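Work through the exercises below with the sequence and the structure at hand. Try each task before reading its solution.

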Amino acid sequence: MKSANLPRLDFDYLTKLAQSNPSEFERLRLHAIESYIATLPAARQQRMRRLQWRIDQERRNHSPMGACLKLSKMMWDHVTSPGGLIGFIQGTGQETRREGKVIPFPAPQRS
């Protein structure tokens, strides 16, 4: 895996740039995304590029607020679906569940 050599992104600067020079903002956005994906292991890069393609399609096909809502729903689906984060934590996801020893902690004593 390559180390990240990404510039620190300044939100206020990028907000002003998006308003004053949208094409330059888009160039920087694509560069930052591609630079980050390039730091991932090769096995994950293709998946991340597919995910970025889906995100870009939502951005193109909706208003900014519509895209925000659609992408928020997409993220929550990845958290709450059976194959998502919660499914993984509960052991119903794609990964196998491992058993562990539960260590009891005594309840705090109240004065």
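A patch is made of residues with over 30% relative accessible area and no salt bridge; like charges are joined within 9 Å, nonpolar side chains (Val, Leu, Ile, Met, Phe, Trp, Tyr) within 5 Å. This is a predicted model, where local features need pLDDT of at least 70, side-chain atom pairs count only at pLDDT 80 or more, and totals for chains, interfaces and linings use all residues. Residues are numbered from 1 along each chain as its sequence is written, and side-chain values use heavy atoms, with hydrogens and water left out.

**Exercise 1.** Find which residues form a nonpolar patch on the surface.

*Solution.* Go to L85, F88 and I89, which form the patch. Together they have about 320 Å² of accessible area (Shrake-Rupley method, 1.4 Å probe, only the protein chains shown counting as cover for residues). Now take I89, which sits in helix α5, residues 85–90 (a helix is a DSSP run of H or I, at least four residues, numbered from the N terminus). I89 is exposed, at 58% relative accessible area (buried is under 20%, exposed over 50%, partly exposed in between, with a 1.4 Å probe and protein chains only).

**Exercise 2.** Work out how helices α2 and α3 pack.

*Solution.* Locate α2 at residues 22–38 and α3 at residues 42–61. Their axes are 10 Å apart, and the angle is about 155° (axes are lines fitted to C-alpha atoms over the stretch in contact; angles run from 0 to 180 degrees between N-to-C directions). The two helices are therefore roughly antiparallel (an angle over 145 degrees).

**Exercise 3.** Trace the salt bridges that involve R29.

*Solution.* Start with the rule: a side-chain nitrogen of Lys or Arg lies within 4 Å of a carboxyl oxygen of Asp or Glu. By this rule there are five salt bridges. R29 meets E26 at 2.7 Å, N to O. Both lie in α2, three residues apart, about one turn of the helix. E26 is partly exposed, at 28%. R29 is buried, at 16%. Next, D56 meets R29 at 3.5 Å, N to O. D56 is in α3 and R29 in α2, so the pair ties together parts 27 residues apart in sequence. D56 is buried too, like R29.

**Exercise 4.** Find the salt-bridge partner of R49.

*Solution.* The partner is E34, with the closest N and O atoms 2.3 Å apart. R49 lies in α3 and E34 in α2, so this pair ties together parts 15 residues apart in sequence. R49 is partly exposed, at 34%. E34 is partly exposed as well, at 36%.

How values were computed
Parallel < 35°, antiparallel > 145°, perpendicular 65-115°, else oblique.
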